[in-house]
Amino acid sequence: MGTAPASRDVTSYGMGLAAPLALFFLFFFVAPLVQLFWLSLHNDTAGLHWGLGQYIHFLTDPFSLSVLGSTLLLGAEVTAVCLVLGFPIAWLYQRVGPRLQTIIILIVLLPLLTSVVVRTFAWIVILGRQGIINATLQSLGIIDTPLKLLYTQFGVVIALAQVQMPLMILPLITALGRIDSNLDDASCSLGAGSWRTFFRVVLPLSLPGVIAGCTLTYAAAITAFITQSLVGGGQMLFMPMYLYQQASTLQNWPFASAISIIFLLAVLAVVSVFTTLGRLSRGYGGA
Amino acid sequence: MAEPQGGRSLVVDAVTHRYPSGALAVENINLDIKGGEIIALLGPSGCGKTTLLRIIAGFIAQTQGRIIIGDDIVDTLPPNRRAVGIVFQNYALFPHLSISENVAYGLAARGIDRATRQRESQRLLELVQLPTMAERLPRQLSGGQQQRVALARALAIKPSILLLDEPFAALDKNLRLDMQIEVKRLQRVSGITTLIVTHDQEEALSMADRVAVLSQGKLEQFGTPSDVYDRPQTLFVNTFVGSSNRMPGVVVSADRTAAKIRLDAGAEIIARPATGTLTEGGRVTVCIRPEHLQFVGDETGFAGVVGMSLPLGATVVHEVTTADGSGVKISQARIGETRALESGAAVRLAPLAPSLANAFPATL
């Protein structure tokens, strides 16, 4: 713990070093965002009349609201699937030898090493009417007619979960790795079974990782334009595609800007809920 | 689920554990521990003492042998059914639970109601002299306090055996003594059979009723502290417990109780054969503790040259180089004006008594 003057020196030094990045953000992030917001405050596509018309339109339009709702729901579903499937893998990672750890981390990271487009087309091949799953099930005689997997909410959730899985597993591995393995033994020697140990010790102590993982997965899932569009097809509409249609196809830039701002605020709201939970759980953190 | 019972016996019956790699962790360990005893498992790191502790606790399933607590063979019971209390070296308190929740953890696992849990944890916190800390988190406590909480938590389940894994290693010297006294007091009060794993011989000798000395997975000696210190059965025990000068020599004559040995350093001395009768003419290693050597004026004993003298408060240790070039330490009590020895002074040394020199057959 430094003295006050020393820490002030360190801070000013750090600010100077951060300046290039700050400038970069100012020009390429803050400025466009301000422009976006400014654009969204116009009632007509030509941008001549000021007003909150675009926001009123969105918030009173059942279709727009349903797109927003289904996008947020999609994020929640993908996050839940990633958490439920990812936690055991992260848990396993902490309990196997170094060789298996390398294999697990390679498998976990593999989705990040391939292109999003390639991965998404792979899912189309897997989930399609004549795809691997349907072909297998039919040849085994389990189903007669192909299941509709592609272009469904289920298909989108599965494909997104696979793509975003590393974002969940990596923070979980870190959080679980910080837990003293003696705590498991202590809990066990005090008479607790595996489930009690998990719910009373492992899960509470891994909460910071759970929350970090959920935040990342959620934010990535709801903005995943390519996977949503390709696996969801034309029948399912989520915010990124809706936004794209309004901007590129319909050239309605003010409405597209308003969608962006509303989407941004919705995501920020969810993320801030996660961060608040994270701050509350940090009480457990260091020991 | 085990009922409250203090002071059950513990038998380690021919326990052998082999790592998956094939290496032996512990080999044919036999310990017969009476109810209410304090036993120290003493040995250098890597000697298998922690493995043995984890076998008794049930975290490791031994390759061969049995663990018997009271009248029950517990080999098939998982750790959470053995009712063995453990205090870990780093205490392993649950960082997210309050002190009273930590202490009551084992009671909650047993489905005991909240009111009883609270009463019990308060009683135990009073027992370890921390009654006002109930609502704090572990990280708000000092090391010694955390250790007391760890003890209270282990005792809360009324274990039949209490295992302490290097319990005092993380404490500074003054606190360590306080906690050693505290643990001994709690053990007396509860009468619980206690096993302390330690590499600190002073700790083992001062706390335990009996000490089991382990080396490289084997039990070297299991006896009272004075047995282990004064009548070591192996060369390892003699050199590991306390300090000892090792002097090579040849047996001149020997019977069951005494042996005449010609030291390479040049002198014939009488020593105690530690492992039974020695063969005449055989090579031996004689162990003599620094405090069991004396300076002699006449021609008895062996000659040497003083190298360095270290005044260590109550004693003075002199380092002497003998005729065969090996170094020997001799420690003298500091009574009044101890004769100052200059570096390079020629002296003669001899053991205080024949029973204080232990002869072991030399191993190649």
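In chain A, the buried residues of α5 pack against α6 (132-139), α7 (153-177) and α10 (225-232). Contact here is a matter of C-beta atoms, placed from the backbone, lying within 7 Å. Helices are DSSP runs of H or I of at least four residues, strands are runs of E of at least two, and both are numbered from the N terminus.

Before going on, the provenance. This is a predicted model, where local features need pLDDT of at least 70, side-chain atom pairs count only at pLDDT 80 or more, and totals for chains, interfaces and linings use all residues. Residues are numbered from 1 along each chain as its sequence is written, with chains lettered from A and ligands numbered from 1 in the order in which they are written.

Back to α5 of chain A, residues 116-127: its 12 residues reach 16 Å from first C-alpha to last, close to the 16 Å expected at 1.5 Å a residue. That expectation is 1.5 Å times one less than the number of residues.

Which residues of α5(A) are buried? They are A:Thr120, A:Trp123 and A:Leu127. Buried means 20 or more other C-beta atoms within 10 Å of the residue's own, exposed means 12 or fewer, and partly exposed is in between, with C-beta atoms placed from the backbone. Seen down the axis of α5(A), the buried residues fall within an arc of 55°, so they line one face of the helix. The arc is taken over the directions from the helix axis to the C-beta atoms. Turned away from that side are the exposed A:Val117, A:Val118 and A:Val125.

Now chain B. Its secondary structure comes to 8 helices and 20 strands, and 43% of its 364 residues are buried. The chain is divided into domain 1 (10-235) and domain 2 (243-361), with bounds from an automatic or database domain assignment. The centres of these two domains of chain B, over C-alpha atoms, are 39 Å apart.

Terms used. Two residues are in contact if their C-beta atoms, placed from the backbone, lie within 7 Å.
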